[in-house]
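Here are some questions and answers for a reader who is new to this structure. Please look at the sequence and the structure first.

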Amino acid sequence: MKKRLPLLLAITCSMTLCAQTQYGWIQKSMYGGDARHRTVGVTIGNRGYMGTGHVNSITNIAYDDWLEYYPGSDTWAQKADFPGGDRYHGIGFTIGTAAYVGMGRDESGQNYKDLYRYDATTNTWTVRASLPGSNRRGAVGMTINGKGYVGTGSYLTDWWEYDATTDTWTAKAPFPGPGRLSAVGVAVNGKGYIGTGDIGGGSNDLYEYDPVTDTWTSKQNAPVTFG
């Protein structure tokens, strides 16, 4: 057994290092703007984009800037400002080479339902059709099968589909859970998932949306409560 110990230790160390390399976090360069929260972040191609957000530790200060991150060189670049003005708690999703950003709240507390298209190839913004529903902040935005989806936020439960080719919105089956703020939303394998967030307190639920059948299905709750 003693002769096998060095080999066992080597295998254990190798597995540990492999796990650290595969799943560990690596500090990357920080962007040059002010620290903030409730920003919008999207991916277009092989670059990340982040902007808007606010700081409210003493006074409420919101932002309209827009930045590009290139992981290949670990660098940030300033891009054309978001044209909707200072904004936080907005939504963002990507279709093709364009990001769609909007809604949220400004420094005065006014909520919005507008939408803007950011073209990464030309670094320009274009006004698009506003959401037909209520003004809101803290909503969920995602892309499923080439179309944008937006819903919840401001303790609402409505759910909308956005077609970028026609610049139109279509009401879909409402989110079946309690209305909420700051939920988490992701798209996986052609379906959307929304859960957690503030429902007047924390929550740990999760729901699956199928755009083909326009139906929602309750899924297993998260093991901890968020919100």
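Contact here means heavy atoms within 4.5 Å. The model is predicted.

Q: Which residues does Arg 47 touch, not counting residues up to four places away in sequence?
A: Arg 47 lies in strand 2, residues 47-51. With residues up to four places away in sequence left out, the residues that Arg 47 touches are Val 42, Glu 68, Tyr 69, Tyr 70 and Pro 71.

Q: What distance separates the C-alpha atoms of Arg 47 and Pro 71?
A: Pro 71 is among the residues that Arg 47 touches. Along the chain the two are 24 residues apart, while their C-alpha atoms are separated by 6.9 Å.

Q: Why does Arg 47 count as partly exposed?
A: Buried means under 20% relative accessible area and exposed means over 50%, with partly exposed in between. Arg 47 counts as partly exposed because its relative accessibility is 27%.

Q: With which side chain does the side chain of Arg 47 make a polar contact?
A: A polar contact is a pair of N or O atoms within 3.5 Å. At 2.9 Å, the partner of the Arg 47 side chain is the side chain of Asn 46.

Q: Which side chain makes a polar contact with the side chain of His 37?
A: His 37 is in the loop between helix 1 (5-23) and strand 1 (40-44). Beyond residues up to four places away in sequence, His 37 touches Gly 53, His 54 and Asn 56. The side chain of His 37 makes its polar contact, at 3.2 Å, with that of Asn 56.

Q: Which residue takes a positive phi in the hairpin of strand 15 and strand 16?
A: Strand 15 (residues 184-188) and strand 16 (residues 191-195) run antiparallel and are joined by five bridges. Val 188 stands opposite Lys 191. Two residues lie between the strands, and the residue with a positive phi near 50° is Asn 189.

Definitions and conventions: Residues numbered from 1 in each chain as written. Predicted model: local features only at pLDDT ≥ 70, side-chain atom pairs only at ≥ 80, totals over all residues. Heavy atoms only, no water. Pairing = 2+ DSSP bridges. Helix = DSSP H or I, 4+ residues; strand = E, 2+ residues; numbered from the N terminus. Buried < 20%, exposed > 50% of the residue type's maximum accessible area, 1.4 Å probe, protein only. Polar contact = N/O pair within 3.5 Å; in protein donor to acceptor, adjacent residues only side chain to side chain.
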